[in-house]
Amino acid sequence: MASCGLTKRGTRFLILAVLLCFVLPGILYQLEIVQNYFNFNKNRRPPLYQDYREREQHLEHYKEYQTKKDVKYLWSANHAKSSGWGNVMQDYVMNGLLAHATGRSYVFDDYVWNPDGSVFSDYNGNLIPSRIPLTALLGGIMVGGAMPPGDSTPRAVSKEFFRKVCPNPTVIRTSEVNDDNMRFSEDVPASLLFEKWLEKINSIDDPCLEVDAESDAIFEYWIFGHQRMLAIWPYLKDSPVATQWGWSPLIHDAYRRNRHIFVPGVKPTLLGRLLGSTPSENYSDPIPGLLALHVRRGDFQDHCVHLGKWSSNWNAFNMFPEFSDKFQRPTDGGWGETSDKNMQMYLQRCFPTIEQIVQRVMQVRVESEWPLTHIYIMTNGAVAWVDELKEALAISGNWDQIRSSRDLEITWEQKFVAQALDMFVAQRAEVLIGNGWSSLTSNVVMLRMARGLPPDSNRFW
């Protein structure tokens with residue numbers, strides 16, 4: 001007889017059951033990866049992230065906040081929607097900054113692609129979720145995580161919780177603060193808008209405050225594309241909204257399972273890939289030797305042409321004065337017209353060819369204060385084009401490894417938030433070469449600057 005009163009057969013059965021408990025989830029994970037890669041089920045519906053949505057409604061501080069009368073809230077119902085994640089994120093950053101600076105709980109909502117109440121939406125012929133719970137993208141203070149020690153600002157809550165505790169909030173419109181001069185004048189710094197809003201919010205005693213859903217954004221999208229936005233940096237750089245920005249467990253899981261793509265020499269073991277386990281790692285530390293490239297393709301070419309015709313400037317957080325790479329807007333174009341010379345300059349820096357990318361990478365590598373040993377390409381480019389780029393980069397220099405977004409092995413849930421994984425990796429790269437007109441790049445650069453990474457580790461095409 002075996003110990004603990006089990007027969008040999010019972011012992012074998014127990015061992016098998018324990019192994020299945022640990023290994024079966026990993027086997028199912030790998031099966032899902034294979035299905036995603038080969039796209040076996042073309043009729044598969046996008047995920048709805050119900051588990052994340054459910055957890056958002058039962059955060060640990062809700063029970064306390066339901067009874068406390070001194071918690072103040074700020075719900076920006078006019079937050080960005082129907083835009084790419086980069087544009088939505090920069091709006092969420094500013095709304096979160098306002099909430100924190102006024103001592104109010106930040107009220108978070110989904111990442112909303114389509115606010116019409118639909119479950120799924122069509123995007124270039126493919127179904128995508130119309131809305132994704134923010135906790136599938138983010139972790140930390142923006143979605144209810146604990147504030148840093150010594151920070152008494154109330155923790156973030158979901159829109160649904162806000163509706164429960166604040167059935168009749170005070171509703172204000174952005175037009176009560178933002179006049180046309182503040183909105184459109186290039187001489188009005190973003191810090192002035194911020195300070196006016198601090199005054200407005202702090203003048204309201206009602207703990208339940210909502211910005212009307214039909215109002216314009218407090219910080220409208222064109223402000224982020226002008227140097228006037230940089231005036232907000234003294235407020236943002238030390239705020240936990242920037243310094244404590246966090247990504248979701250779903251994103252961290254995708255990173256761990258693909259760590260060998262970002263850190264060469266890591267040999268993914270079968271058990272590690274099944275269980276998603278890797279050696280412990282400080283996610284605040286840079287990844288030594290990593291050069292991250294942000295290479296937009298597809299319909300971004302048309303956008304770059306549009307930028308050239310209107311002589312558009314880089315996004316503000318790509319224009320820190322400490323940066324060695326700068327962009328000089330042409331003065332002989334704009335209002336829908338420009339010269340061929342100007343257009344070629346825009347395309348080289350906004351939609352570079354493979355040859356131009358390779359030349360720039362070689363230049364940045366030579367100029368880098370840090371040894372760059374491997375490359376990760378963040379891109380939406382076609383697989384064949386990305387393979388051609390990787391081959392050209394490999395020929396140009398002795399790289400330990402060159403990988404791209406197209407090499408990732410991710411689950412069905414991770415597929416629709418994969419841009420956050422790219423941002424998490426780029427945030428930690430030794431050096432980043434980004435697109436000056438991209439909000440994804442500028443958000444990453446902002447986070448890198450808030451973490452104190454050297455300014456010259458942020459480069460641009």
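Student: Which residue does the side chain of Arg403 meet in a salt bridge?

Tutor: Since this is a predicted model, the contact is one computed from the predicted atoms. A salt bridge needs a side-chain nitrogen of Lys or Arg within 4 Å of a carboxyl oxygen of Asp or Glu, and here the N to O distance is 3.5 Å.

Student: What separates Asp253 and Arg256 along helix H10?

Tutor: Asp253 and Arg256 form a salt bridge in which the closest N and O atoms are 3.8 Å apart. Asp253 counts as buried at 15% relative accessibility, whereas Arg256, at 27%, counts as partly exposed. Because both belong to helix H10 (residues 249-257) and are three residues apart, the separation is about one helical turn.

Student: How many residues apart in sequence are the parts that Glu281 and Arg259 tie together?

Tutor: The closest N and O atoms of this salt bridge, between Glu281 and Arg259, are 2.8 Å apart. Glu281 lies in the loop between helix H12 (270-275) and strand E12 (287-295), while Arg259 is in helix H11 (residues 259-262), so the parts tied together are 22 residues apart in sequence.

Student: Is Arg259 buried or exposed?

Tutor: The cut-off for buried is under 20% relative accessible area. With a relative accessibility of 13%, Arg259 counts as buried.

Note on methods: Residues numbered from 1 in each chain as written. Predicted model: local features only at pLDDT ≥ 70, side-chain atom pairs only at ≥ 80, totals over all residues. Heavy atoms only, no water. Helix = DSSP H or I, 4+ residues; strand = E, 2+ residues; numbered from the N terminus. Buried < 20%, exposed > 50% of the residue type's maximum accessible area, 1.4 Å probe, protein only.
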